[in-house]
Structure formats: structure tokens, C-alpha cells
Amino acid sequence: MTNKARHRMGELINEIRDHQFKYYVLDAPTVSDAEFDALLKELTTLEAKYPELREPDSPTQNVGGGFSTLFEQRDHIEKMMSLDNVFDFSELGAWFDRVEKEVTTPTYLCELKVDGLAINLTYENGTLIRGLTRGNGVTGEDVTLNVKTIKNLPYNLKGQSIPELIEIRGEVFFPLAAFNELNDLLEESGKALFANPRNGAAGSLRQKDPRVTAQRPLSVVVHGVGAREGISFESQSAAYAILAKLGLPTSDRFKICKTRAEVEKFINYYEEHRHDVEHEIDGVVIKVDSISEQEQLGFTSRAPKWAIAFKYPPEEVTTRLLDIKVSIGRTGRVTPFAFMEPVKVAGSTVTNATLHNAEEIVRKGVLIGDVVVIRKAGDVIPEVLGPVIERRTGNEKTFVMPTRCPECGCELRAISAGDVDIRCPNTQSCPAQIRERIYYIGSRAALDIDVLGYEAASALLESKIIIDESDLFNLTADKLATSDFFTKKDGTAGANVAKLLAALEEAKTRPLWRTLVALSIRHVGPTAAQALATHFGSINKISTATAQELADIDGVGLTIAQSIVEWFEIDWHSQIIQKWSAAGVTVVAHNAAQLPQTLSGLTFVVTGGLESFTRDGISETIAAHGGKASSSVSKKTDYVLVGSDPGSKLAKAQELGVSVIDEARFKQLLEGLS
């Protein structure tokens, strides 16, 4: 009887802890309070009857929300190997020679090398029991609680053939869009920034409080297997198919290559398109696909002989820092930037790089005259990472932050207590702030207006065609003709006039959330804007909501809510809304104003490329018609919309019995056809 009680108490402890974790950390309970109380009562009764079996850390002895990651050192069951690197096709050719000397006509699997944090996930009988960092390959840090907060990672494996034990190797990463948004928020809040997405992923995963990790939109992709019992694979590609069926997040971006030329083509393609991927990559991993051939090739002391990493050229270079100047942003924030000797990085020549704020300059130890390391990835503004101290001459100078705005002369000051940023308080008429706001309205992040770049924004203001952003949508060809920027040498309207006017008309039809982003409300990025637009449906309702009503929305929070309330309390901001609304700019959500709610209550997951919709466009279309676009397939998913080259989400849908539809069927649903 005692053994039966011990077994049941163990089951109850694990189940209760799991429910507590979902409630306190994930804020996503899966049982009612009554069901939870019944489990706790049963455990309490058993412990009272068998006090000698009570565990010191039993849920009955501790406060439910007390979850903390201690980063204990634990051994991997099977060693986590590193990869050897090559940096050009000559070195890769030498690796091919070594492989093909041992294996006749191997088939290769090529996949992206995600620039993230290596993780080892252990599942026993289908349940995630442990997550360890790589560490030294033999021993890693236990980050199990934090790993469990990653939304695309399953607690339990799916399907019928669950292995008794399996170690899954993968990479935790920060999606680039989410990383940039997080850094913007940290910067606006005067907090230390993450240097890059990899540091962001590592820092987020190494939080003692897993609730902090849960608030960071981390993701994971799996790419290998360690120890395993009750499961076997014939090839690497077959392993990925099986792992996907188990519900694990595999990558869609891999290719089976039969020749060296095909491998090189894959490498060249992603070097050219490396910034089109949602996460950072620093190369391509090439593996022999056959498991038996992998075993034949074996390992060195640190790396498999059957795999190699082709590393792309670094996106970090050094140059001389000639001076540190400041710029005034669209919300008045004063940002120091480095003025440098021109240097080519990531395919373009740069002379300026951000330094974020005065505290960052001190923290990084950068002096005027230093040789500095700069980094640029994709469309991200180049950033100074730090000085090369050993190359100092003794003539370097310390930077002193200005006390007055270089453009309007207003005294610079911190807006709130504890804010490390200083700002120009002249938000209404500071030329720099107006110019930056207009430029931002035209950016892809906001209303994506063709021609409305930095030069065009400057020209509109210098010619006094507009005074601020409120009159932007009332431009005419006659008004634009008064500026040299928009006219030909003979004084007639140039091509830019027609392009800008057409782009402005198109911008008026953008979704409500993009209008909200374009208003440059402090802290309000795409995530918060979409949540606000979906919940309230109009700018008018947002403007009259209380801070608490705004903060209660998932994706907003108190800091953003307070910023929204403060923005709408300023009279001239209301004038912008009034003029934009009168000009026809979207101030009411499309679905609330005009579109039939044909997708109301339906959840969609999209995989593969679509002919009639972009990635952002399909999500906006679903939301505008009352539906929900999700990133992962579950039993709650109503439809999986499949385009060309679908990924593992299709297999997941088939496994769960979720309806799979093509683009034509989606359009029928959009039109309300059953």
C-alpha cells in the first residue's frame, strides 16, 4: 500500500507543479481552480496519512509561485559536439575530399546555421524533463524552467511512437523583428540594450525568474539528436520528418544535395538572402545525410567528421572614430552617434553608427579618436560595439553630452525620474523631431509610403509645404511644385510628384494598427498597435480608454498604456488625428468599419508561399475579417492554409486531424462561402 501511495504522490506532485508553472509563470492555466484544488487536497490527504513520504519541497509546503532557475550544473547523457568551420570553397572542397575518400557518392543535407544559443532537451516517455545549455559539451547549466516558457516547444511529444528517451539538440533564438522591438523598448525605458539577438536569447534564457523569460518571444529550432532509446533514424532528413511528427519545431529551410555544386548553390543563395530570414544566421551547416555513413565517418575528439559549418564573412569591422555627435529622434530622444572614417561592412559603406545614449558610451569605454569595432546586420543601423584599446595613442578624448538641442536650442533634460536618456521637450516645433516623424511615417515599419524618404521629408519642411505631419495627407501637385526636390529643371512637376501622391492615397487604406504606429506614440510598436487595433477597433475608443483598460490588453502593459494616455492628452496631437481622418486615413479598423466578418471565431495557421498574399498581408486579411492568425498548429486550429513549399506545420496538421486548405478555398471562406 505504501508503494502505491508513494507512486500516486509522485504523480500528484508532478501534475500540481506543472499546473502551478502554467498558472504563475505562463499565465495560461489549463485546469479550473476547482480541479487544481482537488489535486492539492488529494496530495494533502495522502501526506497526512503517510507523513514519512512527504517531500521537503512538496507543493503543500511551498508558495505556489516560487519558481526560480538556479543554473545547476548537469551532465548531458551524450556529449554535445562542436562543429569544425570552413570559410571558403577551397577549405570546403578539402572537407568534401576527406568525406568522399571514406564514403562513395554521399548525399548531403544543407541547413542554416542559426546564430543562437545551443540547447539540449531531454524527453522521457514523451515528456520534457530537462533543458541544458551546451556548457563545455559534457556539462551544461540547467535552464529547464526557462525553456518551458518557449511557446513553440512542446511539453509533451505527439503521435503514437513516442521514444522512451531522446535528447534533442537545437538552437534558441530571438526572432529579429521581436528583438528590434524589445531593444527599442529597452532604449526608450533607459535600460541596457542587448548587443545582438544572440546575446538577447542568451540573456533571456539565463533569467533566474522564468516569468521574465516567459515575457520574451524566444523561439527554438531543433537540428540534431543525442542519446535515444526506442527510436532510430536512417538519415538526417528522415530524422527531421519524424521529429516534426512528434511535434518538435524543425526548420523548413534545409535541402538535400547530391553534388558539391548543389551545396555551393545553397550556400551562395543564403549568403545573398541571409537577411531575409526571420532570425540571424552566420553560415550553413553541411551534413552527410545517411546515419550509417555518419557512423562510418565517426568523430574527432571535439567534432563530427560527417558535418562542417561554412561560415559567412563577419559583419564586424574596425575603423577610426573621428567624432561623436548627437541626433534628435522622433520622440525627442537625444542619441549620440559615431562619425567615423568610411568603412565597408555587410556590403555597404558606412560613416555613422549608433551609440544609443551617454551611459552606453561610458559602459563601452569609447573615446573620440579610438579605433572601434562596428557591426551591421541587414537593414539594422550600424552599431559601435567597443574600442580596440591596444591601438590607443593617448590623444583620445572623452565625449561630453550637449545641454541644448542642436536644432531648436531647447534645454535638454530627462523626462522622467531614472531615465538615462535626455530629450528635447519641444516636441511640437523642434525641426529635427518633425522631420524624423515624417520620415518614420513613410517607412516600412509604419505606412510604407514610396518616395517619402529622409530627403523628401526634409524638402517638404524646408520649402514650408507642410509645417508638421498633420498636413501630410493634404498635399497637392501645385504645393509640391514649389519645391526643387519635386520638380524638373524646367519647373514642371517631376515623376516624384505623381509617385508621392499615389503612394499617399494608398497609405490611407493601410490597417488601423499601422496608423497607430505612424503616430510615433512612445513605446507603441507593431505588437502593441495590433493588440490595440484588434481590441478597440478605432482611434477614438483608444483615446478615451483609461490607462488600466489599456494596460489589461495582452501585449500592451502599464508603461505603454501610460504613454498612450499622455499622448492623447496633448491638444495638437488631436489635431493630427482630425486632419488625417478628414483626409481619409484609416482611423477605424477595416473589419469594424466595412469588411464582413466571414472568418469570425476561426484560427488559421499559414505555411508555405502564397500567390495573392504576402506574409504580413495574409495575417492582416485574416484579422480584418474577424479571424486569428497563429504561428503554431494545435487542436484549437481550425484551418492550416498551405502554399508552395510548405513546412513541418503541414505534417503537424495531418497528425492532429486539422483541416488543410489551399489558397482557393481560403478565398471562398473569405467570401463567406461554406
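Reading the contacts and the burial

Me: In this predicted model, which residue of E10 is the bridge partner of Lys113?
Reply: Gly283 is the partner of Lys113 in E10. Strand E3 (residues 108-114) and strand E10 (residues 281-288) run antiparallel, and seven bridges join them.

Me: What makes E3 and E10 count as paired strands?
Reply: Pairing takes at least two bridges. Seven are found between E3 and E10, so the two strands count as paired.

Me: Why is Ser219 called buried?
Reply: Buried means under 20% relative accessible area. Ser219 has 14% relative accessibility, so Ser219 counts as buried.

Me: What makes the approach of Ser219 and Asn152 a polar contact?
Reply: The limit for such a pair of N or O atoms is 3.5 Å. The side chains of Ser219 and Asn152 are joined at 3.1 Å, so the distance is within that limit. Ser219 also touches other residues, including Glu171 and Phe173.

Me: How do you know that Arg206 and Glu141 form a salt bridge?
Reply: The cut-off is 4 Å between a side-chain nitrogen of Lys or Arg and a carboxyl oxygen of Asp or Glu. Arg206 and Glu141 meet at 2.9 Å, N to O, so the pair qualifies. Arg206 is in the loop between H6 and H7 and Glu141 in strand E6, so the pair ties together parts 65 residues apart in sequence.

Me: What makes Glu280 and Arg375 a salt bridge?
Reply: The closest N and O atoms of Glu280 and Arg375 are 2.9 Å apart, so the pair is within 4 Å. The pair links distant parts of the chain: Glu280 is in the loop between H9 and E10, and Arg375 is in strand E15, 95 residues apart. Glu280 counts as buried at 10% relative accessibility, and Arg375 counts as buried at 14%.

Methods
Residues are numbered from 1 along each chain as its sequence is written. This is a predicted model: local features need pLDDT of at least 70, side-chain atom pairs count only at pLDDT 80 or more; totals for chains, interfaces and linings use all residues. Side-chain values use heavy atoms; hydrogens and water are left out. Helices (H or I, at least four residues) and strands (E, at least two) are DSSP runs, numbered from the N terminus. Buried means under 20% relative accessible area, exposed over 50%, partly exposed in between (1.4 Å probe, protein chains only). A polar contact is a pair of N or O atoms within 3.5 Å; within protein, one must be able to donate a hydrogen and the other to accept it, and residues adjacent in sequence count only if both atoms are side-chain atoms. Contact means heavy atoms within 4.5 Å. Lists of a residue's contacts leave out its neighbours within four places in sequence.
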